[in-house]
Amino acid sequence: MAIVTVMGASGATVNVTVDGGDTLSLARAYAKTLQDTAAGKTFSNLRSGGNMSTANNAVGVITVGGAYALDGAYVNIVAGALPTDVTPASVLTAPVDINARGVTTPVDVIAGTLGGTTFLGGAGGGSFLATAGDNVFVGGTGNFTIDTGTGDDIVVTGSGNDTVNAGSGDNQIYLGTGSNAVASWGQDTIIGAAGIQSVTIYGGSSSVSLGSNAWVADTAAGSAISVGGGSTVSGGTQDMVSFTGNTGTIAGATADTISAAGDLVVSQGIGNSISVTGSLTFLNGTGMTTVTAGQSTIFGAAGLDMSVTGSGDTLFVANEGNETLDGSMSGTPLHAFANSGAATFIGGSGADTLVGGTGSTTMTGGMGDNLFAFTKGPSSGGDNVITDFGSSAGNIVALYQYGYQNNNGLQSILDSATVSGGNTTIQLSDSTKITFLGVSDLKASDFNLS
């Protein structure tokens, strides 16, 4: 516990108690600012009950507990203990209630009582710095900056545009209809159904419930976050994130459980579990990832190991590095495109299209009638394995732009095939290799040429 000495009435000083380092620097800055500007201000000791200031730059000083109602042009309020010769580091322990609804100017408040401070803000706005105890701030129509310490504080913003820096306690923050920004350092409950809300989570293990067009940045772990339509969530580890509106975006999440009632964009995540009622757009994610979605457009990244279940089509585009797409539980078509890395594609019961690239690709079509496609050009030349080509009479290999429909080209490829151990390997003119596991009797009817 620290003590910050603030100039008071008639040249006296007031000891403001600070019970956490997160508000100590702010308290010292407040004390210095008040001292530097003291010459132009009128100081008075406030009494419990009503207080009226007729001065233009009034400073109210509170040194005992009680309820204080203020009217007039107060620009500063200080709540703390008067030091004595016997106890120069004396502290205020009684609760203080300050009703500043009648204050007509922006007012800066510092309250350091271990008994906690309740403050009602007015239309003039200002700042509220609570350095000790468990505190309550209730805003009005004015714009406030609210800073609290290590106590378990309650903050209720009004219709103004407020900035809340909640300290390391277990805080309750209720956001009003204004445009509010919250820095959460504790294990907080933050609720804001209306207004424009921006929340940054530093402490973790918090509960955040916001309305539409909210923005949440999570630098910690273990929080439960719910946001409305048009909202964006970034960062976070092992969070539960729910999007309740038609659209949403989440970026940079790690090991999160993510759900969305509408369409969702997920970018640069690592190892998340994603459930989307509408359409999913997935960009550059990696790690072991599960997806359930109505329809998915997926652009992978190195190290992505994805299991997808879709009620609509899934488009998957692999980029560099090793990637796996397991759609074995999907009953709708997969359209998967390999690239330069090692890709593994596993289809489900739909009619899938699996496309080879420049790297090594292992393709399992699944129970549907599937198309395995290869196109001559800069995206071809890889080493490919089809594991279950013979499992369905409807499976087809498509060879595009090779020209094998001319001059008996396909038959020449089949005649040059290598059969070993019941498997058949063919090599195309661009060095693309295709190995058909369990197939020793490839026929021209197994191919589609164009």
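What follows is a walk through this predicted model, from its nonpolar cores out to a few loops. Because the model is predicted, local features are taken at pLDDT of at least 70 and side-chain atom pairs at pLDDT 80 or more, while totals for chains, interfaces and linings use all residues. Residues are numbered from 1 along each chain as its sequence is written, and side-chain values use heavy atoms, with hydrogens and water left out.

Let's begin on the inside. In soluble globular proteins, nonpolar side chains tend to be buried together. A nonpolar core here is a set of buried Ala, Val, Leu, Ile, Met, Phe, Trp, Tyr and Cys residues joined through side-chain atoms within 4.5 Å. Buried means under 20% relative accessible area, exposed means over 50%, and partly exposed is in between, using a 1.4 Å probe and protein chains only. By that rule the largest nonpolar core has 86 residues, and Leu399 and Phe436 are the ones with the most contacts inside it. Strand β26 (residues 273-310) gives the most to this core, putting in 10 residues. (Strands are DSSP E runs of at least two residues, helices are H or I runs of at least four, and both are numbered from the N terminus.)

Take a look around Phe436. Setting aside residues up to four places away in sequence, Phe436 touches Ile386, Phe389, Val397, Asn423, Thr424, Ile426, Leu442 and Phe447, where contact means heavy atoms within 4.5 Å. Apart from the 86-residue core lies another core, of 18 residues, with Val6, Ala27, Ala31 and Val59 among them.

Two of those names, Ala27 and Ala31, turn up again in helix α1. This helix covers residues 21-36, so to speak 16 residues, and reaches 23 Å from its first C-alpha to its last, close to the 22 Å expected at 1.5 Å a residue. The expected span is 1.5 Å times one less than the number of residues. Which residues of α1 are buried? They are Thr23, Leu24, Ala27, Tyr30, Ala31 and Leu34. Seen down the axis of α1, these buried residues fall within an arc of 130°, so they line one face of the helix; the arc is that of the directions from the helix axis to the C-beta atoms. On the other side of α1, Gly21, Ser25, Arg28, Lys32 and Asp36 are exposed.

Now for the aromatics. Rings of Phe, Tyr and Trp (its six-membered ring) pair if their centres lie within 6.5 Å; planes under 30 degrees apart count as stacked, over 60 as edge-to-face and the rest as tilted. Across the whole structure there are 11 aromatic pairs. In one of them, the ring centres of Phe119 and Phe144 are 5.9 Å apart and the planes sit at 75°, so the pair is edge-to-face. Phe119 belongs to strand β8 (residues 117-120) and Phe144 to strand β11 (residues 144-148), so the pair ties together parts that are 25 residues apart in sequence.

The Ser90 side chain reaches the backbone oxygen of Leu82 at 2.9 Å. That is a polar contact: a pair of N or O atoms within 3.5 Å where, within protein, one must be able to donate a hydrogen and the other to accept it, and residues adjacent in sequence count only if both atoms are side-chain atoms. Leaving aside neighbours within four places in sequence, Ser90 is in contact with Asn15, Ala81, Leu82, Pro83 and Thr84.

Some other loop residues sit out in the open. Asn213, in the loop between β18 (207-210) and β19 (215-221), is exposed at 54% relative accessibility and has a positive phi of about 55° although it is not a glycine. Gln401 has a positive phi as well, near 65°; this residue lies in the loop between β35 (396-400) and α2 (409-415) and is exposed, with a relative accessible area of 56%. Gly403 lies in the loop between β35 and α2 and is partly exposed at 29%.
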